[in-house]
Amino acid sequence: MSSRALLTAVLPLVGALVLTGCGQRYDPQAQAAAEQAPRQSCVDTDGDTIKVGLLNSLSGTMAVSETTVNRSLNMAIDEINADGGVLGKQIEPVTEDGASEPTIFAERAGKLIRQDCVAAVFGGWTSASRKAMLPVFESQDSLLFYPVQYEGLEASPNIFYSGATTNQQIIPALDWMREQGHRKIFLVGSDYVFPRTANRIINAYAEAHDMEIVGEEYVPMGSTEFSTIVNKAMASEADAVFNTLNGDSNVAFFRQYNAVGMDAQSLPVMSVSIAEEEVPGIGVDNLRGQYVAWDYYQTVETPENDAFVADFKRSYGENQVTSDPMEAAYTSVYLWKEMVEEAGSFDVAAVQEAADSGEIAFDAPEGTVTVDGENQHISKTPRIGQIREDGLIDTIWEAPEPVAPDPFLDGYSWAASINGA
Amino acid sequence: MEILISQLFAGLSLGSVLLLAAVGLSLTFGQMGVINMAHGEFIMAGAYTAFTVQQILGSAGVSLLVSLPLAFLVGGLLGLILEATLLRRMYHRPLDTLLVTFGVSLILQQLARDIFGAPSVDVRLPELLSGPVMIFGTPVPASRVFILALTVVVVAGLSLLMSRTSLGRRIRAVVQSRELAEASGISSRRTDALTFFVGSGLAGVAGVAITLIGSTSPTLGTTYIVDAFLVVVAGGIGQIRGAVIAAAGLGLLQVFFEFGTTASIAKVIVLVIVVAFLQIRPQGIVATRTRGLA
């Protein structure tokens with residue numbers, strides 16, 4: 001074989017690898033049209049059990065994070081069952097693997113609704129997976145409980161969002177940074193929908209609050225080369241960094257950051273995608289003293305959280321940690337139970353109506369949360385955390401009371417350019 | 001001025017990482033014509049070797065020194081097994097090797113996931129390498145300086161091996177003409193196996209180096225395999241000298257375009273440049289003059 005033929009053999013392959021490497025996270029709203037058939041609910045409410053679907057990535061790149069979410073969902077279900085179930089019925093979970101692929105999430109969601117006839121589905125993580133499932137749940141008129149903080153600007157009547165929206169995470173983080181006197185912010189993020197949307201909001205916020213964005217950088221998913229970006233951050237005279245990097249890129253970023261002699265004192269970093277679970281992989285040496293923004297940490301001091309952490313460790317091992325999305329997933333099962341019991345029925349319309357009352361609340365590990373009937377999000381207490389020596393996170397600031405969800409940022413005049421209002 | 005120095009260094013250091021990942025490949029792909037998609041997983045195996053050694057020994061500094069030769073052995077043995085069980089049956093069929101080794105790479109990734117778990121693990125840096133060192137008054141990461149030095153040692157060692165030792169002579173003889181080499185009494189089978197051992201071992205060494213800058217996860221290899229092939233192809237197949245030039249060039253281009261634009265755009269520009277370059281000069285920077293491949 002000639003070297004030229006070798007080249008023609010290798011280059012397309014290299015190209016294909018590049019494409020698959022990026023492709024899976026950018027997947028558009030797939031599969032929607034295929035699931036359009038009008039639906040007669042087939043949920044069986046006669047027996048002693050009621051089926052719900054658990055749809056998490058148990059394989060693929062997101063399995064790391066979603067497996068533990070699946071565990072906390074199961075834990076909530078076990079607890080509820082031990083306590084007598086929902087409307088006297090035992091919950092019977094049907095588990096499907098979303099395999100880190102938005103198209104598979106959409107397909108499995110359809111299967112759970114039509115074949116398994118589940119009363120509700122719990123799961124999803126990436127915004128791409130949620131966007132892919134949304135049309136399925138809307139066309140089949142079923143319910144999805146989505147447990148992860150996300151970029152906002154969405155409110156489907158068929159989805160309950162138990163993670164934070166932007167005004168419960170990003171905006172409190174910015175408020176806090178401003179209070180600390182940070183005025184020049186450098187933005188770094190992975191190149192996909194969440195960081196880009198988050199940074200649009202941050203830019204609008206900065207403009208209205210006399211802060212300056214001195215740099216805005218994106219890296220491809222999975223990138224491990226941060227020399228230039230860290231150089232840019234140093235040259236920009238920023239006094240803080242806002243980090244929306246996802247996954248493994250954080251490791252390379254913080255290593256490079258420390259390697260040129262910077263740390264939480266010289267140039268603090270605020271991260272919104274690093275929770276207790278991610279800390280060991282990034283290395284606590286690289287993160288010590290840095291800041292994060294979430295609504296829940298393992299160290300939150302409530303009786304509910306003490307029980308939650310203890311039960312989780314008992315079920316899955318002493319060295320397990322609990323994180324915000326896990327807590328939000330756990331909470332979502334209880335919220336569904338409350339709604340069903342308020343409605344006295346598993347019927348989707350009845351459950352939605354029960355949620356509209358605005359009186360569905362639960363004493364979650366993070367504190368009391370209430371479902372907002374208007375936009376199906378929940379009120380949560382924003383907390384700024386600081387990563388400590390042992391990899392857990394201390395709350396260094398928390399909102400005095402739960403903040404009502406505002407996914408479209410209607411309550412913020414400076415956000416007009418973002419929500420299109 | 002300071003920014004120029006740190007960017008220049010960033011480019012060279014990126015180049016050295018690319019070169020380290022690619023140098024083993026230039027042996028197995030370049031000289032033997034085997035498209036080894038599992039090369040990235042040999043890198044990953046080297047990285048996990050570093051992790052395992054650190055778990056056992058504790059001290060980050062000592063374990064780094066221990067894991068370098070050990071990772072060479074681990075990578076090399078994996079390569080040897082792959083060569084002996086599968087690739088030996090399909091020399092002269094590069095496309096088959098491509099498919100088979102791609103399958104092997106998936107198996108190795110899953111194996112790593114089963115052994116070490118899917119989340120990435122943390123390999124601690126030795127105290128000495130965790131901070132910055134000053135070069136012309138500019139702080140640059142000590143770990144990067146170490147990788148740069150390691151690359152120089154590895155490439156120099158490989159060049160010596162190829163030009164001065166009998167193994168090197170045999171490898172070059174087999175590459176130039178397998179039949180003539182065999183006719184003069186060289187066992188091409190043994191030479192193939194040894195070449196593969198050395199090439200894959202170098203991937204293991206690269207893996208140890210990569211733990212110093214990024215995360216160690218089962219999919220670590222996939223991040224580097226594309227760039228590694230790019231370096232080998234752009235440098236000229238079978239040419240270590242070409243790979244050195246290509247790696248340095250790609251590193252510097254990437255870093256300087258990135259400074260002017262963004263990381264994603266810079267990657268696109270660099271790829272376009274490489275494609276355009278290969279249109280003009282398909283044989284790469286340094287042309288191969290052998291009968292084995294031409």
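Predicted model: local features only at pLDDT ≥ 70, side-chain atom pairs only at ≥ 80, totals over all residues.
Two strands count as paired when DSSP finds at least two bridges between them. Strand β12 (residues 367-371) of chain A and β13(A) run antiparallel and are joined by two bridges. At one position, T370(A) has S379(A) in β13(A) as its bridge partner. These strands belong to an open sheet of three, in the order β11-β12-β13 (chain A), with antiparallel pairing. Its edges are β11 (361-364) and β13 (378-379) of chain A, each of which pairs on one side only.

Two loop residues of chain A deserve a look at their backbone. L153(A) is not a glycine, yet its phi is positive, about 60°. L153(A) sits in the loop between β4 (144-146) and β5 (159-161) of chain A. L153(A) is partly exposed, because 16 other C-beta atoms lie within 10 Å. L409(A) is another residue other than glycine with a positive phi, here near 55°. The loop that holds L409(A) runs between β15 (393-398) and α14 (416-419) of chain A. L409(A) has 22 other C-beta atoms within 10 Å, so it is buried. The cut-off for buried is 20 or more such atoms.

Now turn to chain B. Its secondary structure comes to 12 helices and two strands. Read from the N terminus, the elements run α-α-α-α-α-β-β-α-α-α-α-α-α-α. The radius of gyration of chain B is 19 Å, close to the 19 Å given by the globule rule for 294 residues, so chain B is as compact as a globular protein of that length. Along its principal axes, the C-alpha trace spans about 60 × 50 × 35 Å. Of the 294 residues in chain B, 53% are buried. Sequence separation tells another part of the story. Take the contacts in chain B between residues at least 6 apart in sequence: 78% of them join residues at least 24 apart.

The strands of chain B form a hairpin. Strand β1 (residues 132-135) of chain B pairs with β2(B) in the antiparallel sense, over four bridges. Within this pairing, M134(B) stands opposite P139(B) in β2(B). Two residues lie between the strands of the hairpin, and F136(B) takes a positive phi near 50° there.

Next, take helix α6 (residues 142-164) of chain B. It has 23 residues and reaches 32 Å from its first C-alpha to its last, close to the 33 Å expected at 1.5 Å a residue. The buried residues in α6(B) are A142(B), S143(B), R144(B), I147(B), L148(B), T151(B), V154(B) and V155(B). An α-helix has 3.6 residues a turn, so residues three or four places apart point the same way.

S13(B) has its place in helix α1 of chain B. S13(B) is buried, because 24 other C-beta atoms lie within 10 Å. Beyond its neighbours within four places in sequence, S13(B) is in contact with R144(B), I147(B) and L148(B), and also with S227(A). Q31(B) is buried, with 26 other C-beta atoms within 10 Å. Leaving aside neighbours within four places in sequence, Q31(B) is in contact with I171(B), V175(B), T195(B) and G238(B). The C-alpha atoms of Q31(B) and G157(B) are 17 Å apart, for residues 126 apart along the chain.

Chain B contributes 50 residues and chain A contributes 45 residues. On the side of chain B, the elements giving two or more residues are α1, α4 (94-116), β2 (138-141), α6, α10 (220-235), α11 (240-260) and α12 (263-280). By type, the residues on that side are 28 nonpolar, 18 polar and four charged.

Last comes the record. An unreviewed UniProt entry lists "transmembrane region" for residues 56-82, 94-112, 142-162, 194-216, 228-252 and 259-280 of chain B. In the model, residues 228-252 of chain B are 84% helix and 0% strand, with end C-alpha atoms 15 Å apart. Residues 259-280 of chain B are 91% helix and 0% strand, and their end C-alpha atoms lie 27 Å apart.

Notes. Residues numbered from 1 in each chain as written. Chains lettered and ligands numbered in written order. Expected span 1.5 Å × (residues − 1). Buried ≥ 20, exposed ≤ 12 C-beta atoms within 10 Å, placed from the backbone. Rg over C-alpha atoms; globule rule 2.2 N^0.38 Å. Contact = placed C-beta atoms within 7 Å. Nonpolar A, V, L, I, M, F, W, Y, C, P; charged D, E, K, R; others polar. UniProt positions renumbered as here; feature names shortened; annotations may be inferred.
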